[in-house]
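Here's a quick tour of a protein model, with a look at its confidence, one of its helices and some aromatic side chains. Have the chain open as you read.

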Amino acid sequence: MHQIVAWISDTALNLVNTMGLWGIWIGMILESACIPIPSEVIMLSGGLLVAQGTLTFTEVVAVGVLGNLIGSIIAFYVGAVGGRRLLEKYGKYIFFNARHLEQSQRWFDRYGESTVFFTRMLPFIRTFISLPAGIAGMRAWKFILFTFLGSLPWNMALVYLGYRLGDNWSIVETYLRPVSYIICAAVVLLLIVWLVRRKKERVA
């Protein structure tokens, strides 16, 4: 699994280094369309290109957010038309992670439509939250608005970090990855606690 994650990260990095803005745009579309390409690698390396003077801060953030929107809309409508079954069946070919989708589904069921906004700043879950939003029949305009508002600060923060660190940007990605795992573990733990308490309340 570690080798797969490393390969995906290297692929994302090469995509940005080779194609510049187009690479960022394509990478962020894929990341938001339930293909677990790490946005940390994409946007941090985009920040490095800003530091090198190749691109500007504004255009990197804009392209990243636009990619998020397009990929999220694709996943949203896949969920709306029942494409989730296809992803669960064939998703392994695009490294689709059904476990992370289930986590996103529980978040959406628990917190409702606002989940689309605040989970855009949570690793892993942000990749899959569009599917349950589409399945639930959330209004498209509201989904797009929440996706935009949630994606903007995440992308700005990553590009800024990449810009400030320059060639040392990979240090952030190295530390973000275990933090991402910790966040996901905490989310799962909180959900388990909540489900246990809810079950006890029903029994009582």
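## Confidence

pLDDT is the predictor's confidence in each residue, on a scale from 0 to 100. The protein averages 76, and 65% of the residues score at least 70.

This is a predicted model, so local features need a pLDDT of at least 70 and side-chain atom pairs count only at 80 or more, while totals for chains, interfaces and linings use all residues. Residues are numbered from 1 along each chain as its sequence is written, and side-chain values use heavy atoms, leaving out hydrogens and water.

Helices are DSSP runs (H or I, at least four residues), numbered from the N terminus.

## Helix 2 and its tryptophans

Buried means under 20% relative accessible area, exposed over 50%, and partly exposed in between (1.4 Å probe, protein chains only). In helix 2, the buried residues include Gly23, Ile24 and Gly27. Trp22 is exposed at 57%, whereas Trp25 is partly exposed at 25%. The two sit three residues apart, about one helical turn.

## Aromatic pairs

Rings of Phe, Tyr and Trp (its six-membered ring) pair if their centres lie within 6.5 Å; planes under 30 degrees apart are stacked, over 60 edge-to-face, and the rest tilted. That rule gives three aromatic pairs. Trp22 and Trp25 are edge-to-face, because their centres are 5.5 Å apart and their planes at 80 degrees.

Phe76 and Phe143 are stacked, with centres 4.4 Å apart and planes at 25 degrees. This pair links helix 4 to helix 10, 67 residues apart.
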